[in-house]
Each structure stands twice: as C-alpha cells, then as structure tokens.
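Here are my notes on this model.

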Amino acid sequence: MHTRKLFFILLAGLFLILSCQRADAPPVREARLTVIATIFPLYDFAREVGGDKASVTMLLPPASDAHHYELKPDDIVRVSKADIFLFVSFEMEQWAYKVINAAAEKTNMLAVEAGKGAALLTLAQEHRHGEDAAEASGDREAEHTSKYDPHIWLDFTNAQIMIDNIAAAFINKDPSNSETYKKNAERYKTRLMELDRSYRTGLAGCRTRTVLHAGHWAFGYLAQRYQLTYLSAYNLSADAEPSPQQILTLIDEVRKKKLPYIYYEDLAAPKLAKTIAAETGVGLLKLNNGHDVGKKDIKDGATFISLMEGNLKNLKKGMQCP
Ligand SMILES: [Zn+2]
C-alpha cells in the first residue's frame, strides 16, 4: 500500500517536472530548417551556420546574372515554402521585394537582409549602372540603381556581419538549436579572420598594387581593404559594352606599369581580356567575385573560402608578391 502511494507521488512529481520543462524549453523542430539563399556567398555562409540542422538551397541557378535576375513564378513558390529567405541587400537583389511581398501573404517565411549593418562603399558615379537608360526610358523600376557597391562579401569583415545576421535569423526560427548555430557561426568567423590575415601578409611587399580587371566592377571592397589600385573594364554590370576609353585606359596601364598579367572573370567577357592580352602580350589570371559560380565549380565542391584562396594565389602571382 505504502509503496503504491509512493509510486503515485513519484509519478505525479515526474509529470510536474516534465510539464515545467515543456513550458520552458523551446519547442524542438521536427524537420530541418529550410533556407533559400539568393546567391552563392550567402548559400555557402548559410550552409556553414546551419550545419546539419538546416537544409539550404540556392535560389538563382548557377551562372545566372545576379544583378539582373529575372524572377520565375516557381521562385516565389519555392521561397514561400521555406522557413527563411536570405538575400544580401536591396542594392544587390533589387528584385527581392517582389519575392518577399508575394511570399509574405501566404506564409510565415522570415525574409532576412543578410548585409544589414555592413560597412558600405559608395559607388562612384562612373560605375553606376543603368541610370542613363532609366532616365531615357522613364522606366520606374529601372530608376532604382545602386548607390553603393553591392559586393559587400568581398570585405571579410562585412562577411562576418553577414554570418552574425544569418545566425540570428536561424536562432529566431529554430531556438532549440541556438547553441549549434552560435558555435558554427563563431568557427566560420574565425576562418574569415584567418583569410583576412593571409591576404594582408600575402599581399605585402608586392612589385605592383595595380589590378587590371577585364570584368565588371566587383572588387572595390577588396581593393580598399588591401590598398590595391583597381581598374575594371565594365561598370557594375557587364551586360553593356565597355567604352573604348575604358579599354584604352587598361591597355595604357598595362604598358605604363609593365604589368605581366590582367584579370578576367569566368562568366562575363573573357573575350575582352583575350583582346587586351593579344594587344599587349600580358598573361591572363582569373578572379572570382563570389557570385559568379558555375555548375562545375559547385559540383567540384567550391566554397567561398576556396574561391577567395584561389583569388589570393592569382593576385600574388599577378602583383608579383614575395
Ligand atoms: Zn557583381
């Protein structure tokens, strides 16, 4: 009789403890957090922060033009099914508000501007894109042109701010795994700091600091951070033709500074780089801006850090660093 009574008391106590725990601890998710990130750097950052707790996909198909992406109806369906939609900024993905508005009506999807709080570089007037065209056509949508350089991830301190924003969003949606997200974010930020250090030491004492780029204006942040003189053939977008003046300036610089290499980007205009190389006899080296990542690179396991390490190797070669 006594044992039985004790048993019930214990049982009641156990229920009490369990129900208290249920009230205090955040609910455990049944499925992994689903995340859609617009472009490659964000996709890779989100994979790092999410680890095995998040299923991350990239919205833009590999090798599409991130600056002028044409949304497909299916994109909005995909985003509205996700827990979190990550974009860099309204400067980078000027179409992001369309997805957010359409998806927000149906779901409790969380839209996150991952670049919020990043230190921004003002885009010089000559590198802005589309202003003349927008004025001429009176196109209201095209009127919003970038005032700031949107390639913020190429400053590795900004990349760390993006990691913090991503981690905060993941914790907001899935507090039961907050410790994992915090730990993953800290570990990855340490790797970004190491990357920054390897750029600083790797790019010290080079024969030249001039970087001539036969691609679009993407490396302004990198140039500012590591004191490079950066010239590009195209403005913010490589879909317009470069001006003959810009091409002549690049050719002049190659000759004046006796540069052994110029840089090209994978997806846009390697033809121009080849033309300059044929004219001046310089060699060609690749620089990856982080958002132009092809199918093959992704299949081969490219990461943001591996792309940036590849850039550093080519910068050291082209700038003739010790
Ligand atoms: Zn770009």
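At what angle do helix α7 and helix α12 pack?

1. Helix α7 (residues 178–202) and helix α12 (residues 304–318) pack at about 5°, their axes 10 Å apart. Axes are lines fitted to C-alpha atoms over the stretch in contact, and angles run from 0 to 180 degrees between N-to-C directions. The angle therefore makes α7 roughly parallel to α12 (under 35 degrees; over 145 is roughly antiparallel, 65 to 115 roughly perpendicular, the rest oblique).

2. Arg191, Leu195, Ser198, Tyr199 and Gly202 of α7 meet Ile305, Met308, Leu312 and Lys316 of α12. Contact means C-beta atoms, placed from the backbone, within 7 Å. These residues divide into five nonpolar, two polar and two charged. Ala, Val, Leu, Ile, Met, Phe, Trp, Tyr, Cys and Pro count as nonpolar, Asp, Glu, Lys and Arg as charged, the others, Gly among them, as polar.

3. The model is predicted: local features need pLDDT of at least 70, side-chain atom pairs count only at pLDDT 80 or more, and totals for chains, interfaces and linings use all residues. Residues are numbered from 1 along each chain as its sequence is written.

4. The protein chain has 12 helices and eight strands (DSSP runs numbered from the N terminus: H or I, at least four residues; E, at least two). Of its 322 residues, 38% are buried (20 or more other C-beta atoms within 10 Å of their own).

5. The axes of α9 (residues 244–256) and α10 (residues 270–280) come within 10 Å and cross at roughly 40°. That makes α9 oblique to α10. Leu250, Ile251, Val254 and Arg255 of α9 contact Ile276, Glu279 and Thr280 of α10.

Notes: Two residues are in contact if their C-beta atoms, placed from the backbone, lie within 7 Å. A residue is buried if 20 or more other C-beta atoms lie within 10 Å of its own, exposed if 12 or fewer, and partly exposed in between; C-beta atoms are placed from the backbone.
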